[in-house]
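Here is a friendly walk through one structure, with an eye on its salt bridges and one of its sheets. Have a look at the model first.

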Amino acid sequence: MRASSKHPLRWGPVAPLLVLSSVALMLWAVVTRNPVPLFLALPLLLAPIASGVEAPRRPPSVVIEETVGGGGAEVQLRGVVRPETGIDGRDLRVQVDRPSGLVGATPPMFTWTPTEVRFAVDWRAPEPTIVDIRVPAVVWQDPLGVVEREATSTAEPIVVTRYPPELLRIGTVRLERTTALPGETRSHRVGESGEFHGIRAARPDDPPRRINWRASARAGRPLANEYELEKTGDILILLDARPTPLGPEVDEHLFSIARAAAIGLSESFLAVKARVGLGVFGEFLDAVPLSTGRTQRVRIEDAVRKARLASVSAPPERCAVAVRRHFLPGITTIILSSLVDETWSDLTPYLRRRGYPVVVVSPSPLPLLAARSQLSPEDEQLAGRLLHLIRRARIARAWEDAPAIDWETFWSLGNFVDFLRRPRTRRAG
Amino acid sequence: MNAVPRGGTRKPVRPFSLALLLLTVTGLGYLSGFPGGAGVVVAPAAALVSMLFRSGPWDELAPYAPVPVLLALLLEAAFAPVDFGTEFFAGLAGVAFLVWLADDPARPAGGPLRAFPTIAIPSLALGVAWSSALFLPAGALPIGVAGALLVFAIAAVAILVGRPALFDREEA
């Protein structure tokens, strides 16, 4: 398919106005035998044709570079659009769409030069979220606004993740142990720090015996052996993507928060070289097997981005059976679930029965429900207290099976991090 | 650098194109036979309303900015008497309208300069047409010929407007 047929030349809203006016004037001139309307009609009629002739003969290509900055809830998008040679940057119209998970009423700020268009826009994430910022739409438009044509670009959408800052230090939590992957045969070569785990870049304080000289010679850079006792262990993050009685809108909101937390957890643990696996349980289980490194980070990010709420709820037993197929028992498992459903639908007892030590982090629906409430302030206060009591009872019931953290202040997961730092309580769970 | 104000705020008035438009539409209004001599009031008022639509904080009105001034021009031209001066001012008002159109405050400055090739073609055609009207003799027959040519021109423009792909030529 030709690029020009994909991005054809379009008339702007001014074009029909000019043509219709000029046609009316010319008809009036003929009817009244008066050449004056004809002289006014002439420029109006010829302008669209001249614009069409002057327009680029094929869709102009542009290079779009974007960066996302800002910390915490702030999302600062900065970008530059550079057109190909022969296209004036001032004739480009750039449209930056705000993703649905972010808020901010201020429109983007644009700065044009003949060679580029710079844009800056500030948004805010009201709660932890993972969003795709789409590539800005770039349209070439002639100065009169008569014809326009969409530009082509090879830029990719940017993924923005915002999660509570406490998760950045959660990686220092010492996990229970490292398990063998399904089908993995443990090495019999036991080093000074335990069983051989893998190879990493050498550090200045590594003793010569720790350097893997053969691997270093092959790679051309110093590499050292790493042993399992140095590792923090394995972790499985399980996202509960089943629908709840709260309705699709609130469910989607809570699931978006849970997805952001899953990304934060995986990034933190991967940063300390732990092996991280992911499960998304809706109607069935979608799993990312345990692994470590940057590739695993991309795999998990990709899986979380694609994760969607299921339309049908599935029995928790199915989840436990599926988890057992992908992950060996003994892996510390963090379940991200809203715990809105009845207790029979909890995943925790089924997973514990199969040997997975479980911790539940439960994003609370109460702040979202309060934001949507249309009650009077007094009624709202009373309803809020009742809902808190119900929620507390629900969390208490969940605690009977495993530790459950009620996550109500979405920008803080300090309680959860503190809990993980207490080994005795974790073992009890 | 060429920063443009954010939406929802007042945009700067571009004085050159506005002055040119006001001058030409007022001239046409003066020469036209608008009832009660109101041409000199109606046309500049319409131009100022158009300017308000474009430069005001109401972003939703900006696309309709050309409508008032275009309507005023249509009315003035419809009532104008046959005269070489009036013909000249009518054509000039059309070109001034195009210049004003290119000087959109919501877009980077320098629009009329960038639109020079686009505006030059109609201006040239206008110059040829006006000098022909001025220097060539005319009668009943040329009006008939002009009518036939007009029908042909309208049909050609209708085809072009209906099929913008006709301008789509892939470069070798």
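Does Asp91(A) count as buried or exposed? At 8% relative accessibility, Asp91(A) counts as buried (buried means under 20% relative accessible area, exposed over 50%, partly exposed in between, with a 1.4 Å probe and protein chains only). This is a predicted model, in which local features need pLDDT of at least 70 and side-chain atom pairs pLDDT 80 or more, while totals for chains, interfaces and linings use all residues. Residues are numbered from 1 along each chain as its sequence is written, chains are lettered from A in the order in which they are written, and side-chain values use heavy atoms, without hydrogens and water.

The structure holds 20 salt bridges over all chains (a side-chain nitrogen of Lys or Arg within 4 Å of a carboxyl oxygen of Asp or Glu). Three of them are tabulated here.

| Asp91(A) | Arg114(B) | 2.8 Å |

Arg114(B) is buried at 15%. Glu267(A), at 19%, is buried too, whereas Arg297(A) is partly exposed at 40%. Both Asp103(B) and Arg14(B) are buried. Salt bridges with shared partners also join Arg10(A), Arg93(A), Glu148(A) and Glu150(A) into one network.

Now to the sheet. Six strands of chain A form an open sheet in the order E16-E15-E14-E17-E18-E19, with mixed pairing (strands are DSSP runs of E, at least two residues, numbered from the N terminus, as are helices, H or I, at least four; two strands pair if DSSP finds at least two bridges between them). E14 (residues 234–240) and E15 (residues 275–281) of chain A pair in the parallel sense over seven bridges.
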